[in-house]
Amino acid sequence: AKYRDQFIGKHVADDFIVDVDIDAVSGATITTMAATEAVRRGAHLAAVEKFKLEQTWRKVPWKFGLGEILILAIFVLAFVPKVYKEKPWRYVYLAATIAIVGFYLNAAISIGSLSALLMGYIPGASEHLIWWILVVGTVLGIVLLGKNVYCFRICPFYGIQWLLQKISGTRMNPSRVLLKRAQSIANSLLWLSLMIIFLTRHPALGAYEPFAMMFSLEGIGIQWYILPVALIGSFFMSTFWCRFFCPTGQALINLLKLRKKIFDLFKKRQ
């Protein structure tokens, strides 16, 4: 409601630029930008064709500041084995992902981000370069190089789980049977999430991950119950959320498997 209220009383020739005269909704930046873009185009079309106004509004400027530089550095370093494998660089890198990707930018990839890419709800690179670096960069890394550099490296929620497990000192090792069932659970949740998103054509509705709530203390509905479960589970089992519930991670794993099958099929034919 607060997001919609921002448009009340605005002029059709206003800029309608997120973070300039429109505030983004924390944890739903892509949805906010897509909705604002639709309003901007409609308002400016009306301004020119119906009200015969001259263009006085600004174009969406390229946004390249500290946040974009930090995200780009984190993404590039994710391809350097020494950074995420050897101490103390591993600790420094994980701390950076939690602090920058999580708390500073709240830019964790969700299933909403990936489904938006599939549905063509893609923000302009000039307006949201961070989204392009993380989402498009992660997908291209899998497709072109066969490397998932997001899970267990860039993801700030993985860093939180890793930290909690280190604090507790307890490490439960699940059996192979349990891990197999965990994958089935994750795939089922992924399927359910995607069905909700594709049927409603609203990427944010199926994104139940507690990332936004964790890093901005803003959440809705079931996220208030999911976050405590994920955090408590992480005290006792390494990557508890990633193994059992994360639709984003499962989607990226499935994309890796699909790539492998395609390459294997291609090799057999050769």
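Q: Leaving aside its neighbours within four places in sequence, which residues is Ser193 in contact with?
A: Ser193 is in contact with Ile111, Gly206, Ala207 and Tyr208, where contact means heavy atoms within 4.5 Å. This is a predicted model, in which local features need pLDDT of at least 70, side-chain atom pairs count only at pLDDT 80 or more, and totals for chains, interfaces and linings use all residues. Residues are numbered from 1 along each chain as its sequence is written, and side-chain values use heavy atoms, with hydrogens and water left out.

Q: Where is the place of Ser193, then?
A: Ser193 sits in helix α10, residues 176-200. Helices (H or I, at least four residues) and strands (E, at least two) are DSSP runs, numbered from the N terminus.

Q: Is Ser193 buried or exposed?
A: Ser193 is buried, with a relative accessible area of 2%. Buried means under 20% relative accessible area, exposed over 50%, and partly exposed in between, using a 1.4 Å probe and protein chains only.

Q: Switching to charges. How many salt bridges does the structure hold?
A: Five salt bridges. The term stands for a side-chain nitrogen of Lys or Arg within 4 Å of a carboxyl oxygen of Asp or Glu.

Q: What does Asp15 meet in a salt bridge?
A: The side chain of Asp15 meets that of Arg58, at 3.3 Å from N to O. Asp15 lies in the loop between α1 and α2, and Arg58 in the loop between α2 and α3 (66-77), so the pair ties together parts that are 43 residues apart in sequence. Asp15 is buried at 16% relative accessible area, whereas Arg58 is partly exposed at 46%.

Q: And which side chain meets Asp21?
A: Lys10, in a salt bridge of 3.7 Å, N to O. Both residues are in the loop between α1 (2-5) and α2 (29-49), 11 residues apart. Asp21 is partly exposed, with a relative accessible area of 22%, and Lys10 is partly exposed at 26%.

Q: What about Asp264, which residue does it form a salt bridge with?
A: Asp264 pairs with Lys260, the closest N and O atoms being 3.0 Å apart. The two are four residues apart in helix α14 (residues 247-269), so about one helical turn separates them. An α-helix has 3.6 residues a turn, so residues three or four places apart point the same way. Asp264 is partly exposed at 29%, while Lys260 is exposed at 53%.

Q: Which residues are linked in a network of salt bridges?
A: Glu37, Arg40 and Arg41.

Q: On to α7. Where does the helix bend?
A: Helix α7 (residues 129-145) bends by about 30 degrees at Gly137. The bend at a residue is the angle between axes fitted to the seven residues ending there and the seven starting there. Just after α7, Gly146 has a positive phi of about 70 degrees.

Q: How many residues of α7 are buried?
A: 12 of the 17, so α7 is largely enclosed by the rest of the structure. Among the buried residues are Trp131, Gly137 and Ile142.

Q: At what angle do α3 and α7 pack?
A: About 15 degrees, with the axes 9 Å apart. Axes are lines fitted to C-alpha atoms, for helices over the stretch in contact, and angles run from 0 to 180 degrees between N-to-C directions. α3 and α7 are therefore roughly parallel; angles under 35 degrees count as roughly parallel, over 145 as roughly antiparallel, 65 to 115 as roughly perpendicular and the rest as oblique.

Q: Which residues in α3 meet α7?
A: Gly67, Glu68, Ile71, Leu72 and Phe75 in α3. On the α7 side they meet Leu129, Ile130, Ile133, Leu134, Gly137 and Thr138.
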